[in-house]
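Here's a quick walk through one model, with the strands and a helix in view. Have the structure open while you read.

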Amino acid sequence: MFMEMCLITLLSFSTEAFIGVNIGTDLSDMPSSTQVVALLKAQNIRHARLYDADRAMLLALAKSGISVTISVPNDELLGIGQSNSTAANWVTRNVLAHVPATNITAICVGSEVLTTLPNAAPILVSAMKFIYSALVASNLDSQIKVSTPHSSSIILDSFPPSQAFFNRSWDPVMVPLLKFLQSTGSFLMLNVYPYYDYMQSNGVIPLDYALFRPLPPNKEAVDANTLLHYTNVFDAIVDAAYFAMSYLNFTNIPITVTESGWPSKGDSTEPDATLDNSNTYNSNLIRHVLNNTGTPKHPGIAVSTYIYELYNEDLRPGSVSEKNWGLFDANGVPVYILHLTGSGTVLANDTTNQTYCVARDGADLKMLQAALDWACGPGKVDCSPLLQGQPCYEPDNVVAHATYAFDAYYHQMAMAEGTCNFKGVAGITTTDPSMDIYVLTLVGLICQYC
């Protein structure tokens, strides 16, 4: 039994929109949790979404100032949806163990369940209610919202937006789901991918319209029923969801876009998955969201959005594009530099010049010594500060000395590709190793004692 709550109008959600990022982990060289958080901080990313509730990541996010959305994975959904106690245990283990140090603000119960796991659809709302009840019991229901991300494909006849409606076969799920969101003051989570709409339109959708590029007035899409003008696919999809909800008599539920992005690389069948298009889409998306323009149906109403995704995930199955949605590679090096001048500070920092070459954890010590000897010899690195009595002699071990020499060589070679390998015993990181070995100053490498 839920406490009755006052209905919340859309206008109460007209606070400033934010940009967040999704953090996938299907990488062959996944950075540590502390490295991930360091990258988020360096890029002024204040909102992150996890696809699970990984303990190490939640601990690393503690006291970071970053708002975190965690997830009940689809493979745990059936158990939680069938047992209130299972849901309570999940909240105890994954929420109560981390708040308030970690600022958990939302829980995604499953992901795209209606379209990817339809056999779990009948218990989806139960799972959401059980999770919510556990939050109520801990007095966290006002701080942490409960919802579930949907694929935009559940919306049929999406243009013009005013004619959109949810797939009617899902009404037995969608109606109670929307009632739950309304009664708890939560939001509809929607995954919006103009890339796929463009790819599947067989040329009907212009590329510029999908990428937020400026269109002349005669090229804008006009909804004949409302006379609203649409200058991009993103807004049209979001408004289609608003109209689909209103078709079911829900007009006061805000929308958060839990995934949106554009791949930077594709195979021969994906010619528009390019670095330039990915940069254009994500740069324009960030500007559009942070400008708080809202959508034609609801101008000025925030549509906060999580970019898909932080890292390229090289282990993801499927086409080439599936592995190339990230803003950064596993080393924290940007895939491209976003065009964000004048759009605030989020994701506006170029970390290309904030990368370091360090000895890999667990590297063979003999190979490290050989690489150190090469760097200090044929590599022409000045290793005199590593001599006994000199400022970088301590800590006196091959890992510390090799990291000094590797990074000096890497920067000496202008951080060119291939200059931080040393036969596999070195790797690039965005974490400054100065806390252990040295600091970088404007006048060059100056060693200091730790």
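How many residues does helix H6 have, and what span does it reach from its first C-alpha to its last? This is a predicted model, and in it H6 covers residues 124-137, which makes 14 residues. The helix reaches 20 Å, close to the 20 Å expected at 1.5 Å a residue.

Which residues of H6 are buried? They are Leu-124, Val-125, Ala-127, Met-128, Ile-131, Tyr-132, Ala-134 and Leu-135. After H6 comes Asn-139, with a positive phi near 60°.

Now over to the strands.

| Strand pair | Bridges | Direction | A bridge pair |
|---|---|---|---|
| S1 (residues 19-23) and S2 (residues 47-50) | Three bridges | S1 and S2 parallel | Ile-23 and Leu-50 |
| S2 (residues 47-50) and S3 (residues 67-72) | Three bridges | S2 and S3 parallel | His-47 and Ser-67 |

What about the faces of S2: are they covered or open? Both are covered. His-47 and Arg-49 sit on one side, Ala-48 and Leu-50 on the other, and all four are buried.

Key:
Residues numbered from 1 in each chain as written. Predicted model: local features only at pLDDT ≥ 70, side-chain atom pairs only at ≥ 80, totals over all residues. Heavy atoms only, no water. Helix = DSSP H or I, 4+ residues; strand = E, 2+ residues; numbered from the N terminus. Expected span 1.5 Å × (residues − 1). Buried < 20%, exposed > 50% of the residue type's maximum accessible area, 1.4 Å probe, protein only. Pairing = 2+ DSSP bridges.
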